[in-house]
Protein chains: 2
Amino acid sequence: MPRTTDGDGTPVPQRLLNAATRLFAEQGYDRTSVQEIVEAAGVTKGALYHYFGSKDDLLHEVYARVLRVQQERLDHFSTMDAPVEKRLRGAAADVVVTTIENLDDAMIFFRSMHHLSPEKNKQVRAERRRYHEQFRALIEEGQREGVFSTATPADLVVDYHFGSVHHLSTWYRPDGPLTPQQVADHLADLLLRALRP
Amino acid sequence: MPRTTDGDGTPVPQRLLNAATRLFAEQGYDRTSVQEIVEAAGVTKGALYHYFGSKDDLLHEVYARVLRVQQERLDHFSTMDAPVEKRLRGAAADVVVTTIENLDDAMIFFRSMHHLSPEKNKQVRAERRRYHEQFRALIEEGQREGVFSTATPADLVVDYHFGSVHHLSTWYRPDGPLTPQQVADHLADLLLRALRP
DNA sequence: TTACACATACCGACTGGTTAGTCTGGTCAT
DNA sequence: ATGACCAGACTAACCAGTCGGTATGTGTAA
């Protein structure tokens, strides 16, 4: 196996993904040329097209990574052995922390979906929908038990919360006054307070 | 004044802006060529570059229009003669309705900011900030009066709400089950319920 | 152990195509 | 006839993806 790593120990595909993620978040997908990506990763086009089928594939990988992580996290909180308020609060706060810790990914996720090819876009939407429905199920469970208000349809509540998560990448600054955990606690609080019967 | 209008009665600059708005929302700024815009508007490049300095200018005009409308609306509700809960609820619901009625604008607004030139971007951010602060002032007023909870900083509450507004363009469908007004009432409800002391 | 085949990892010049913006030359109401 | 308004060919730059080529490994048979 020849130089799959170079300089640092990070394998070339990883280096390419990292560079692409940063550049896509900074300048957007269309404004980032393949040439820039390979230069930032310290390789050439040959390497990129050796590991990835297209520029589009690179973007898709970013999505796949985000979806995988978020789904795993939600599974964890969904299946916890605790009252539904605690499970929902845990999940709601966790997605905020995770999003802040990967702001670049979040930025790309919500800003660049329309750059994915139609099939990939469809696939991402399907996985996203599954996530959404699992989250909604938590709220509906609480509504059935009477611990959450039924004034607002669960679907809308989910969109309300994820709107704020989505929005994080446009206003949160790591050098701001609030830590990720503090923001997460506040946003989860707002959700739970809105759901009080 | 020669044919500033043509075919229909709409003046050419308007036709160009309308075409650009629709195309930017459908395909994104970068994926839309100037050629497509002028064809959709039924003119040629000469006309576009007669009225607008650049493609970027066209985008900026979309932003200017949105900002102007939203600011006017907020001013109206801010200065209303009514208790602060009513003023906040009115403003919160109205921005939802307005956003749904101009989903294309909203889509462009949140997805294409980074395509604006640096100065224009800065200008838009400044006006946006003014809007944000005026909205925040409403919440702080209610908090001082004791009608809103002070558990969450007003800034965060504003971002929470505008996150959901921002998010509308990704999930709201005109052919869905809820009318714009119904969505607006629900989202305003969630905000006010979260703010109950 | 050497020799040779084969595979994997990567390089970088090149191609075909697209794009924003320019420029020259009209046209038409007043 | 004059100037605001517009047509459309043209240019210079850029970009995703290709392709022939090189380098370094691994397996295998003499």
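Select chain A and colour it by its two domains: the assignment gives domain 1 as residues 12-51 and domain 2 as residues 55-195, the bounds coming from an automatic or database domain assignment. This is a predicted model, in which local features need pLDDT of at least 70 and side-chain atom pairs count only at pLDDT 80 or more, while totals for chains, interfaces and linings use all residues. Residues are numbered from 1 along each chain as its sequence is written, chains are lettered from A and ligands numbered from 1 in the order in which they are written, and side-chain values use heavy atoms, with hydrogens and water left out.

**Stop 1: between the domains of chain A**

Taken over C-alpha atoms, the centres of domain 1 and domain 2 of chain A lie 27 Å apart. Where they meet, domain 1 of chain A contributes 14 residues to the contact and domain 2 of chain A contributes 14 residues; contact means heavy atoms within 4.5 Å. The two domains of chain A bury about 1,300 Å² between them, with 67% from carbon and sulfur atoms. Buried area is the accessible area (1.4 Å probe) that two parts lose on being put together, summed over both.

Next, select A:L17, A:A25 and A:Y29. Within domain 1 of chain A, these residues lose the most area to domain 2 of chain A, together 48% of what that side buries. Between these domains there are zero salt bridges (a side-chain nitrogen of Lys or Arg within 4 Å of a carboxyl oxygen of Asp or Glu).

Helices (H or I, at least four residues) and strands (E, at least two) are DSSP runs, numbered from the N terminus. The largest share of that side, seven residues, comes from α1(A).

**Stop 2: the annotated segment**

Select residues 10-70 of chain A, which an unreviewed UniProt entry annotates as "domain: HTH tetR-type". Over residues 10-70, chain A is 77% helix and 0% strand, and the end C-alpha atoms are 24 Å apart.

**Stop 3: between the chains**

Display both chains. Here 34 residues of chain B are in contact with 34 residues of chain A. Chains B and A bury about 3,500 Å² between them, 59% of it on carbon and sulfur atoms. On the chain B side, select B:L156, B:Y160 and B:L190, which lose the most area to chain A, together 22% of what that side buries.

Two salt bridges are counted between chain B and chain A. To see one, select B:D30 and A:R31, which form a salt bridge with their closest N and O atoms 3.0 Å apart. Then highlight α8 (154-171) and α9 (180-195) of chain B, each supplying at least two residues of the side that touches chain A. The largest share of that side, 12 residues, comes from α8(B).

**Stop 4: B:H114**

Finally, centre on B:H114, in the loop between α6 (103-111) and α7 (118-145) of chain B. A polar contact of 3.4 Å joins the side chains of B:H114 and A:R111. Not counting residues up to four places away in sequence, B:H114 touches A:Q27, A:G28, A:R111 and B:N121.

Conventions
UniProt positions are given in the numbering used here, feature names are shortened, and annotations may be inferred rather than shown by experiment. A polar contact is a pair of N or O atoms within 3.5 Å; within protein, one must be able to donate a hydrogen and the other to accept it, and residues adjacent in sequence count only if both atoms are side-chain atoms.
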